[in-house]
Amino acid sequence: MQLKNLFSGATLALSDDLLWSDEHGWSPVVSSVSYLITGSLLVQSATRQAGRAITLVGAADMAWVTRSVVNVLRDWAALPLDAVSGRFELTLTDARVFTVAFRHADGALEAEPVTGFPARSEADFYRITLKLMQI
C-alpha cells in the first residue's frame, strides 16, 4: 500500500495489513424524504460526486509503522485541502487507486505507541488509524 503526495511527488510506503474498515459502509446515493403541505411524499435522490470515507486501521498486532512514518503522515495531515496541496494518491494492495484528502473533521490521524509508553526513537513502532476521503 502506498500514499503519494500529489504536490511534492513524495511517496510513503504503508503496511499492506492496514484494513479499510468502512469500505462497505458508504452508499453512492444520497436522498432526502419529506412530506409536502398536502401530505404527499417528496423523495429527492442523487448520486454523490465524492466524499467516500476511507479509514485505514491497523490491528493491535500488525500493520505497525515507525515514528518517522508517523511524523510524515502528521505533516501531510496538517496540509489544508486547496487547489494545489492536501491531495494524495492512495494505492491499495489490490492495485485500486484513489485520489484522497485527510478527513480533518474526523481527526485525520491517530497514532499510538505499540509499547504503551512514549516513543523516542524514529525507529519505534506505532499503531495508526488514517482517516481519508475520496475527492
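User: Before we start, what should I know about the numbering and the model?

Analyst: Residues are numbered from 1 along each chain as its sequence is written. The model is predicted, so local features need pLDDT of at least 70 and side-chain atom pairs count only at pLDDT 80 or more, while totals for chains, interfaces and linings use all residues; side-chain values use heavy atoms, with hydrogens and water left out.

User: How do you know what confidence the predictor has in the chain?

Analyst: From pLDDT, the predictor's confidence in each residue, from 0 to 100. The protein chain averages 93, and 100% of the residues score at least 70.

User: Why is N5 called buried?

Analyst: Buried means under 20% relative accessible area, exposed means over 50%, and partly exposed is in between (1.4 Å probe, protein chains only). N5 has 4% relative accessibility, so it counts as buried. You'll find N5 in strand β1 (residues 2-5).

User: What does N5 touch?

Analyst: Contact means heavy atoms within 4.5 Å. Leaving out residues up to four places away in sequence, N5 touches A10, W76, L79, R87 and F88. The side chain of N5 also reaches the backbone nitrogen of F7 at 2.9 Å.

User: What makes the T55 and D22 pair a polar contact?

Analyst: A polar contact is a pair of N or O atoms within 3.5 Å; within protein, one must be able to donate a hydrogen and the other to accept it, and residues adjacent in sequence count only if both atoms are side-chain atoms. The side chains of T55 and D22 come in at 2.8 Å. A second polar contact, of 3.0 Å, joins the side chains of T55 and R103.

User: Where is T55, and is it buried or exposed?

Analyst: T55 is in strand β6. With a relative accessible area of 7%, T55 is buried. Its touching residues, not counting those up to four places away in sequence, include L19, W20, T129 and K131.

User: What makes E23 and R96 a salt bridge?

Analyst: The rule asks for a side-chain nitrogen of Lys or Arg within 4 Å of a carboxyl oxygen of Asp or Glu. E23 and R96 meet at 3.0 Å, N to O. E23 sits in the loop between β3 (19-20) and β4, and R96 in the loop between β8 and β9 (97-102), so the pair ties together parts that are 73 residues apart in sequence. E23 counts as buried at 17% relative accessibility, whereas R96 counts as partly exposed at 32%.

User: How many salt bridges does the structure hold, and which others can you show me?

Analyst: The structure holds 7 salt bridges. One of them joins R67 and E122 at 3.8 Å, N to O. That pair links distant parts of the chain, 55 residues apart: R67 is in helix α1 (residues 67-77), and E122 is in the loop between β10 (109-113) and β11 (125-134). Another joins D106 and R103, with the closest N and O atoms 2.8 Å apart. Salt bridges that share partners also join E23, D94 and R96 into one network.

Definitions and conventions. Helix = DSSP H or I, 4+ residues; strand = E, 2+ residues; numbered from the N terminus.
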